[in-house]
Amino acid sequence: MLQKNLPAILSFKGIAAKASLAFVINLLCAGGAVAHTAEGGFVLLLPTDIYIASGVLAVALTVAMLLVLPESFVSLSFKNIRLCHAPNLRMLPVRPHHLSSLLSALFLFWLIYIGLEGPRDPLANPLPLTVWTLWWIAFVTLQGLFGNLWRWVNPWRGAVWCFQALFGRSFRLRYPSWLGHWVGVGVFLALVGFVLADPAPTDPARLARVVAAYWAVTFLGLILFGPRWGHRADGASMMLGLYGKVGLFARRGAHLRLGLNGWQLISLRSVPFGVAVLCLLILGSGIFDGLNETFWWLDQLGLNPLEFPGRSAVIWQTLIGLALTNLAVVALFALALWLGLRVGRSQMPLRRALCLFAPTVLPIALGYHVAHYFTSFLVQAQYALAAATDPWARGQDLLGLGTFYVSTGFFNTQDSVRVLWLCQAGSVVIGHVVALLLAHAVALCHVETRAALTQVPVAIFMIFCTFFGLWLLASPRGF
């Protein structure tokens, strides 16, 4: 089955390319555990140095533009417009998002059941395909592009509403304020650690137990501590809530409004310190998600890419690498802010600056999320469609698709791969440009003097992230 998912390697030139092909074939034919993306190895031998230089130059020119254009240009960029009147759902006896949440919970329970009792192949079982392809890749992207869709499919909200309607809220406890948002930060890191370091995160039965445990703990926390548990301890919902702030659409009062991606972040006066750290961890985790698949990373671990021993052999190395990458991102961003405050002679404390500017990196994280998983989604979405029409792998055709084959033909020509690469590189560059505009707008709102100067070190940090992100996309990678 995995051999059908092998992307063709393009324009092989020399020994390095042949070695890369052998590495991919050995891994995919070995029958080991499937990683969460399952796109296999991919070697891109287009003139990526030209594209990388162009992307970095585009971001650098954006910085230069911000230094010379009037302040009103940035302010106008994030203006939002009123689209229509949003109905007042509070007057209804049952809110629509409670019903959609209940349907989402029922669907999740069915996925857990089929994960335990259904086919063992991760590319045929609907649970891993739904969790890692439709939710982790596609839904996170839609949340970041369009706004808070999570409130409609959150699988706890409706269940909690039903429970409280039956039993009331008399037993609710007070969430300990001293915990802040750190429980959610820890849960988010545990989730990323499971994705990257677990030997078999796509094994249906293993994933079913993890998803069931996460739902049960979160449901209990919401029952005992109320909505604060979701805002401070549910790492997945906290991540999605932050991405929702990047989206185009949002409800403000009685109206639905539209603006450039990130416009909602301008109105945030300041986020709690734990949330600021989480914003940076989302970026750092995304960076390491790409880094740990590269041949360069395997070389740092002293491993031969042609003889990769499997994910179970590098669990602790992966977790340590994840921790160090996140520490580096937090430290470098804090250093850039500190230097900017010194250059601009601002009296703003560094902690407050982090709480103001950390959310501006979210468009970068979203851009790299799209770029990193784009080619994987094109393949995995086809497997998800096949699983939807035949969820028990019994030869059914519930959707009436007829004979259905998963295709990877778009990897087979240089023209199509160039289009894919431009889409990936474009998402990285656009994410950085939006982040630069956001950081500049926040500085104009909150920095008392020399706002543009304070952003120069931050801009350098973002230019480096652009280069590094494009380098990761172009680097040979496997497993």
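Helices α2 and α18 are roughly parallel to each other, since angles under 35 degrees count as roughly parallel, over 145 as roughly antiparallel, 65 to 115 as roughly perpendicular and the rest as oblique. Their axes come within 10 Å and cross at roughly 20°; α2 covers residues 48-68. On the α2 side, the contact (heavy atoms within 4.5 Å) involves Thr-48, Tyr-51, Gly-55, Ala-58, Val-59, Thr-62, Val-63 and Leu-66. On the α18 side, the partners include Trp-421, Leu-422, Val-429, His-432 and Leu-436. This crossing of α2 and α18 is right-handed; a crossing is left-handed if the near helix is turned anticlockwise from the far one by less than a right angle, and right-handed if clockwise. Axes here are lines fitted to C-alpha atoms, for helices over the stretch in contact, with angles from 0 to 180 degrees between N-to-C directions.

Before I continue, a word on the source. This is a predicted model, in which local features need pLDDT of at least 70 and side-chain atom pairs count only at pLDDT 80 or more, while totals for chains, interfaces and linings use all residues. Residues are numbered from 1 along each chain as its sequence is written, and side-chain values use heavy atoms, with hydrogens and water left out.

Let me turn to the chain as a whole. The protein chain has 20 helices and 3 strands; these are DSSP runs numbered from the N terminus, helices being H or I of at least four residues and strands E of at least two. Of its 479 residues, 51% are buried, where buried means under 20% relative accessible area, exposed over 50% and partly exposed in between, with a 1.4 Å probe and protein chains only. Among contacts with a separation of 6 or more, 79% join residues 24 or more positions apart.

I now come to helix α15, residues 315-343. How far does α15 reach from its first C-alpha to its last? Its 29 residues reach 42 Å, close to the 42 Å expected at 1.5 Å a residue; the expected span is 1.5 Å times one less than the number of residues. Buried positions in α15 include Thr-318, Gly-321, Leu-322, Asn-326, Phe-333 and Leu-341. The buried residues of α15 pack against several helices, among them α8 (182-197), α13 (273-291) and α20 (456-474).

The crossing of α13 and α15 is right-handed. From α13, residues including Leu-280, Gly-284, Ile-287 and Phe-288 meet residues of α15 that include Gly-321, Thr-325, Val-329 and Phe-333.

Arg-345 is found in the loop between α15 and α16, and has a phi near 55°, a positive value in a residue other than glycine. Is Arg-345 buried or exposed? With a relative accessible area of 60%, Arg-345 is exposed. Ala-393 also has a positive phi near 55°, and lies in the loop between α17 (362-389) and α18 (414-446). At a relative accessible area of 44%, Ala-393 is partly exposed. Gly-241 sits in helix α11, residues 235-244, and counts as partly exposed at 33% relative accessibility. The C-alpha atoms of Gly-241 and Asn-148 are separated by 6.8 Å, although the two are 93 residues apart along the chain.
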